[in-house]
Amino acid sequence: MQVTSTVRKPLVTGGKSYHDVTQDICQYVEQKPPKTWLAAFTFSFLVLIVGTYAVVETLWEGIGAWGLNKTVGWAWDITNFVWWVGIGHAGTLISAILLLFRQKWRTSINRAAEAMTIFAVICAAMFPVLHMGRPWLGAYWALPLPNTFGSLWVNFNSPLLWDVFAISTYFSVSLVFWYIGLIPDFATIRDRATNKISKAIYGGLSMGWDGGAKNWMHYEAVSLILAGIATPLVLSVHTIVSFDFATSVIPGWHTTIFPPYFVAGAIFSGFAMVLTLMLITRKVYHLEDYITINHIELMNIVILITGSIVGVAYITELFMAWYSGVVFEQYAFINRATGPYWWAYWSMMTCNVISPQLFWIKKIRTSIVSTFVLSIIVNIGMWFERFVIIVTSLHRDYLPSSWAMFTPTWVDMGVYLFTFGLFFTAFFLFAKFFPVINMAEVKSVLKSSSERKA
Amino acid sequence: MDTGKNYLVGIFTDEDDVMSGVPKIKEAGVKIEEVYTPYPVHGLEHVLGYSKSKLPMIAFFFGLTGTTLALVMQIGMMYWDWPMIIGGKDFLALPDFIPVTFELTVLLTAFGMVGTFFVTRNLKPWAKPKIFDIRSTDDKFAMAIDLADNKKSVEEIRTILSEAGASEVNEKSFE
């Protein structure tokens, strides 16, 4: 007899058995992909190809192909970098922090969220690498490698170098965490495989996993420690990203509020992107029993909380600018709201501060359509936040004679488009060849939390 | 004639049956080689009598190596090998070294621990695991009993497994 809880909402509905979970998730790996998948994959692959042209143009012509100028030396590149890194944060948050907090509802969404992290970080890394201008020499500038330029090392005092270490550690640890989680599920697919090629591929990927109790014991120890170290890691990454700005002396950047404010913003945008992707995957793969309204509501509550933190941060920034008594700081904030980029500032305010507040209404936070729309609005808002911080702070220099505006070129837009193509192509490939839901973990919460079987 | 190892495999359909069955089987004097489950069954390692995983301790030492390596590298490069004043900061700007030190600590902990896990558990892409029952990665719990390790007869063990809650008992041999 199945044990059901009378106080907790079921995590998996539809009275699923262990075998149903295997069948429901594995069928999409084993069968031919649905037409909707083919259409979506083809479209994102085309976007990737078109965007590649802009990447090649950047490498061929140099950074002059972007709309940067002497005053605004960073614009879309760093905006997109911070935005993509932020998106990645929800994946690690769901898999690590929620694991430590014993939040069992994470089991249905962690796999796809972690995949999203990996792909988002790859997209993010594109921008600083391309911004190097000559990325083929980048290893010498970014890594402490012995070279023939003398014994001149990389500058360990620079937040930009901290970023290199933070992002590459974040990427590799997230990849390992994701892969460890996939091993038991790959073994399930291996054992179900009917043709030799899948058996060989999934056999290799599963590393000979047998599901023995001793293996599980060590596996659990590894997962818990990875979660334990990934938790401060995820907080450190966006903190370090915020240091890129906070350690400088540009009005509007030089603030101690940046680290927590950036972390909250990252979780905010990351959860929004998880929702965007999961709502599509849920619909295409009919995963309504696994990703329930309860999951969506809980994620919306996280968005509501982090959105409110971001809102408080905006107001704190304004207050501190006024209270500091520094005219440059005060001007920077008045200029943000009323200067030439006022539209970006108010787009940010509307999307990030006002729109998530709608989630106070239960009807809105439990509705699929409004969640989907709001998740996209939040991501647009968070892009504007980074744009506002970076471009509006830079375009008004200390020296009015060097004041300038930034206008993106088609190459700027093309490179951004390229990362979208890359992200979605990778995500759709993941959704076809990998189990999108962590079967082993869902099975482990099934018994205590599923609905009673009729 | 079969020259390989012969096993009896008890198939259980519910984790509770496995958990309550293991002590009964052990009490009856049958040595269990391993229990294969589709997901981690918490507490199973205790009833099977496994000692705690040493991986957390190994992870700690890898972390310590990462911290040391990062500090030695940064101090060596910035203070000893090529001292330069950058932004008016000290040669030995320890607070500036915290981010990289932290990241390398995490990196070495993760890779060292996972690498040790793979090596000690013999997990590698070309590994050929013993699969006692193909359903043990789907929905069944398979208990392997090595017949060579047990003095009891096949029939006796079969009865003990069934009485302990196994829904079926199969024979399996490996080359």
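## Elements and model

Helices are DSSP runs of H or I with at least four residues, numbered from the N terminus. This is a predicted model. By that numbering, B:Phe91 is found in the loop between helix H3 (55-81) and H4 of chain B.

## A nonpolar surface patch in chain B

B:Phe91 belongs to a nonpolar patch on the surface.

Why does B:Phe91 count as partly exposed? Its relative accessible area is 35%. Buried would need a value under 20%, and exposed one over 50%, so partly exposed is the class in between.

## Strands of chain B

Strand E1 (residues 5-12) of chain B is mostly covered. Of its 8 residues, 6 are buried. E1(B) pairs with E4(B) through 7 bridges, and the two run antiparallel. One contact to look for is B:Leu8, whose bridge partner in E4(B) is B:Glu171.

E1(B) also pairs with E3(B). Here 6 bridges join the strands, again antiparallel. B:Ile11 has B:Ala142 as its bridge partner in E3(B).

## Salt bridges

How many salt bridges are there over all chains? The count comes to 17. In chain A, A:Arg190 forms one with A:Asp191, with the closest N and O atoms 2.9 Å apart. A:Arg190 has a relative accessible area of 8%, so the residue is buried. A:Asp191 is at 11%, and therefore buried too.

B:Glu168 and B:Arg135 meet in a salt bridge at 3.2 Å, N to O. This pair links distant parts of the chain, 33 residues apart. B:Glu168 is in strand E4 (residues 168-174), while B:Arg135 is in the loop between helix H4 (94-120) and strand E3 (141-146). Are these two residues buried or partly exposed? B:Glu168 counts as partly exposed because its relative accessibility is 29%. B:Arg135, at 26%, is partly exposed as well.

B:Lys140 and B:Asp139 form a further salt bridge, with the closest N and O atoms 3.4 Å apart. B:Lys140 counts as buried because its relative accessibility is 17%. For B:Asp139 the value is 14%, so that residue is buried too. Elsewhere, salt bridges that share partners join A:Lys16, A:Asp24 and A:Asp289 into one network.

## Aromatic pairs

A search of the whole structure finds 60 aromatic pairs over all chains. One of them joins A:Trp209 and A:Tyr219. Their centres are 5.3 Å apart, with 55° between the planes, and the pair is tilted. Which parts of chain A does this pair link? A:Trp209 is in the loop between helix H7 (196-205) and helix H8 (213-246), and A:Tyr219 is in helix H8, 10 residues apart. Both A:Trp209 and A:Tyr219 are buried.

A:Trp383 and A:Phe384 make an edge-to-face pair, because their planes stand at 80° and the cut-off for that class is over 60 degrees. The ring centres are 5.6 Å apart. A:Trp383 is buried, and so is A:Phe384.

## Charges over rings

Two contacts place a charged side chain over an aromatic ring. In chain A, A:Arg336 lies over the face of A:Phe333, at 4.6 Å from the ring centre. In chain B, the charged end of B:Lys130 sits over the ring of B:Phe174, 5.8 Å from its centre.

Methods:
Residues numbered from 1 in each chain as written. Chains lettered and ligands numbered in written order. Predicted model: local features only at pLDDT ≥ 70, side-chain atom pairs only at ≥ 80, totals over all residues. Heavy atoms only, no water. Phe/Tyr/Trp six-rings, centres within 6.5 Å; stacked < 30°, edge-to-face > 60°. Buried < 20%, exposed > 50% of the residue type's maximum accessible area, 1.4 Å probe, protein only. Lys NZ or Arg CZ within 6 Å of the ring centre and 35° of its normal. Salt bridge = Lys/Arg side-chain N within 4 Å of Asp/Glu carboxyl O. Patch = residues over 30% accessible without salt bridge, like charges linked within 9 Å, V, L, I, M, F, W, Y side chains within 5 Å. Areas by Shrake-Rupley, 256 points an atom, 1.4 Å probe, with all protein chains shown as cover. Pairing = 2+ DSSP bridges.
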